Amino acid sequence: MVSFAMIAAVLTVAGQVLAGHPPPPPPPFAFNISCSDDMVLQQAPAKSAVYGILGGSVPAPDAKVTVTVTSSAAAAGASYTVDASIIEGGTGWIAYLKPTRAVTAGQGKPTRYTIHAECSSGCATTDAAVTPNATISNVIFGDVYYCSGQSNMALPLVHTISRNKSMDAVLAGRYANMRFFDLSSNMNPTTPWTTPKSAVNNSVFLPFLPLAGTLARA
């Protein structure tokens, strides 16, 4: 089955060719925009998933994708590999990970993970010597909250009475295990997964820190 994304891509390329512009290069193998460095995945008993696109200009329903999860903990079995399923008519992939607790036994802070996805066969590549792959790091498991609402429900941190105290607390290391991810709206831009400290240090993110989006903590 051909996905809507593939139809839109073909129509876009056709329009550019007719207009005399060369088509853009096909997208590379990658994680979805919602899966990036510093992200939080829902902890056990849930089985979290990571997903992305196969890349290339044509579907690849027979592609083979594996996902390897490497832990910062030294416990046996902390690292493992799973096979991904090919979805969206051969244009995307998804892998379900083992249910994982936020904190490994014996540690007082969340265990951090590196997740590596690799397409061993069937994916388009511009270099036959390089296997299409992508990696995200500093990933933790915790509780993920999806927040949404009308724009008049938003109150940016910069406009709150206690903003200075809140900023000082964040810079002092409070809320270090919280992460934020926002999709663009009329009130805020798309914000990749980020920590409160990074948001405060970046004046672009500061006004949007508490707005509707995905809030996660461990």
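**Note on the predicted model: strands, core and ring pairs**

1. The chain has three helices and twelve strands. Helices (H or I, at least four residues) and strands (E, at least two) are DSSP runs, and they are numbered from the N terminus. This is a predicted model, in which local features need pLDDT of at least 70, side-chain atom pairs count only at pLDDT 80 or more, and totals for chains, interfaces and linings use all residues. Residues are numbered from 1 along each chain as its sequence is written, and side-chain values use heavy atoms, with hydrogens and water left out.

2. On confidence: pLDDT is the predictor's confidence in each residue, from 0 to 100. The chain has a mean pLDDT of 79, and 75% of its residues reach 70 or more. Within the chain, confidence is highest in E7, at 97, and lowest in strand E12 (residues 214-217), at a mean of 45. Over residues 208-218 the pLDDT is below 50, although this stretch has 57 contacts in the model beyond near neighbours in sequence. Here a contact means heavy atoms within 4.5 Å.

3. Of the 218 residues of the chain, 37% count as buried. A residue is buried under 20% relative accessible area, exposed over 50%, and partly exposed in between (1.4 Å probe, protein chains only).

4. Which strands form the open sheet of four? The order is E1-E3-E7-E6, with antiparallel pairing. Strand E1 (30-31) and strand E6 (85-87) are the edge strands, each pairing on one side only. Two strands pair if DSSP finds at least two bridges between them. Strand E3 (residues 49-53) and strand E7 (residues 92-96) run antiparallel and are joined by five bridges; Ile-53 stands opposite Gly-92 in E7.

5. E4 and E8 run antiparallel, joined by eight bridges, and the bridge partner of Val-69 in E8 is Ile-115. E8 also pairs with E9 in the antiparallel sense, over five bridges. In this case Glu-118 has Asn-133 in E9 as its bridge partner.

6. A nonpolar core is a set of buried Ala, Val, Leu, Ile, Met, Phe, Trp, Tyr and Cys residues joined through side-chain atoms within 4.5 Å. The largest one contains 32 residues, of which Phe-29, Phe-31, Val-50, Val-67, Trp-93, Leu-97 and Ile-115 touch the most other members. At least two residues of this core come from each of strand E2 (40-42), strand E4 (64-71), strand E5 (80-83), E7, strand E8 (113-121) and strand E9 (133-146). E9 supplies the largest share, six residues. In soluble globular proteins, nonpolar side chains tend to be buried together.

7. How many aromatic pairs does the structure hold? There are four. Rings of Phe, Tyr and Trp (its six-membered ring) pair if their centres lie within 6.5 Å; planes under 30 degrees apart count as stacked, over 60 as edge-to-face and the rest as tilted. Tyr-113 and Phe-141 form an edge-to-face pair, at 5.2 Å centre to centre and 85 degrees between the planes. Because Tyr-113 lies in strand E8 and Phe-141 in strand E9, the pair ties together parts that are 28 residues apart in sequence. Tyr-113 counts as buried at 7% relative accessibility, and Phe-141 is buried with a relative accessible area of 1%.

8. Phe-181 and Trp-193 form a stacked pair, with 5.7 Å centre to centre and 25 degrees between the planes. This pair links distant parts of the chain, twelve residues apart: Phe-181 is in strand E10 (residues 178-182) and Trp-193 in strand E11 (residues 191-194). Phe-181 counts as buried at 5% relative accessibility, and Trp-193 is buried at 7%. Elsewhere, ring pairs link Phe-29, Phe-31 and Trp-93 into a cluster.

9. Two individual residues complete the note. Is Ser-71 buried or exposed? Ser-71, in strand E4, is buried, with a relative accessible area of 13%. Leaving aside neighbours within four places in sequence, Ser-71 is in contact with Ala-78, Ser-79, Thr-111, Arg-112 and Tyr-113. Gln-150 is found in the loop between E9 and helix H2 (163-171) and counts as exposed at 60% relative accessibility. Gln-150 and Ser-185 are 35 residues apart in sequence and 9.9 Å apart in space, C-alpha to C-alpha.
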